[in-house]
Amino acid sequence: MSREIVNSICATLPGAEVSDPWGGGHDAWKVGGKMFASIGAVTPGVAVKTDSVETAAMLIEMGAGTRAPYFHASWVLLDWGMDPDELRGRILQSYRLVRASLPKKRQAELAEMPEK
C-alpha cells in the first residue's frame with residue numbers, strides 16, 4: 001500500500017474530501033467535516049477510526065496496527081505492509097462509522113451522491 005493507493009480508495013467514497021489541516025503534507029480525509037482517515041507527513045501508514053477503544057486495542061495486540069499518535073485511543077495506525085483487502089476494509093469501516101455519526105439529513109444527502 002501507499003499514500004497514492006489510500007488516497008485513491010478514499011476519493012471514491014461519497015462526500016469524501018481531503019485537506020492538509022496541519023500543513024506539512026498531511027492528507028486528512030473527511031466526510032461531513034469529520035475525519036475518517038489521515039496520512040501523516042512522515043510516518044508511513046494511515047490512521048483510521050475504529051468502533052471502540054477495545055477494538056483498537058485488539059487490533060494493536062494482534063499486530064494489525066499501532067497506536068495512532070495524536071489521535072483518540074479508538075484510532076489505529078495501519079502499516080503500509082498490511083494486506084490490501086484488509087486495509088481497504090478498515091478504511092471503509094472508518095468511513096461508515098464517521099458517516100453514521102452525521103446528522104440524518106446529511107447522511108441522506110450523501111446517500112444521494114454518486115460514487116466518484
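Mentor: Happy to, and let's settle one term before we start: buried means under 20% relative accessible area, exposed means over 50%, and partly exposed lies in between, with a 1.4 Å probe and protein chains only. This is a predicted model, in which local features need pLDDT of at least 70 and side-chain atom pairs count only at pLDDT 80 or more, while totals for chains, interfaces and linings use all residues. Residues are numbered from 1 along each chain as its sequence is written, and side-chain values use heavy atoms, leaving out hydrogens and water.

Let's begin with R3 and D27, whose closest N and O atoms are 2.7 Å apart. This pair links distant parts of the chain, with R3 in helix α1 (residues 3-11) and D27 in strand β2 (residues 27-31), 24 residues apart. Helices (H or I, at least four residues) and strands (E, at least two) are DSSP runs, numbered from the N terminus. D27 is buried because its relative accessible area is 15%, whereas R3, with 22%, is partly exposed.

The other pairs sit within helices. R90 and E86 meet at 3.7 Å, N to O; they are four residues apart in helix α3 (residues 84-100), so about one helical turn separates them. Both count as partly exposed, R90 at 26% and E86 at 32%. In helix α4 (residues 104-111), E109 and R106 are three residues apart, so they too are separated by about one helical turn. Their closest N and O atoms are 3.2 Å apart. E109 is partly exposed at 35% relative accessibility, and R106 is partly exposed at 28%.

Now back to D27, to see one of its neighbours. Leaving aside residues within four places in sequence, S38 is in contact (heavy atoms within 4.5 Å) with several residues, including D27, W22 and F71. S38 is in strand β3 (residues 34-39), and is buried because its relative accessible area is 5%. Three bridges join β3 to β4 (residues 46-49), and these strands run antiparallel; two strands pair if DSSP finds at least two bridges between them.

Key. Salt bridge = Lys/Arg side-chain N within 4 Å of Asp/Glu carboxyl O.
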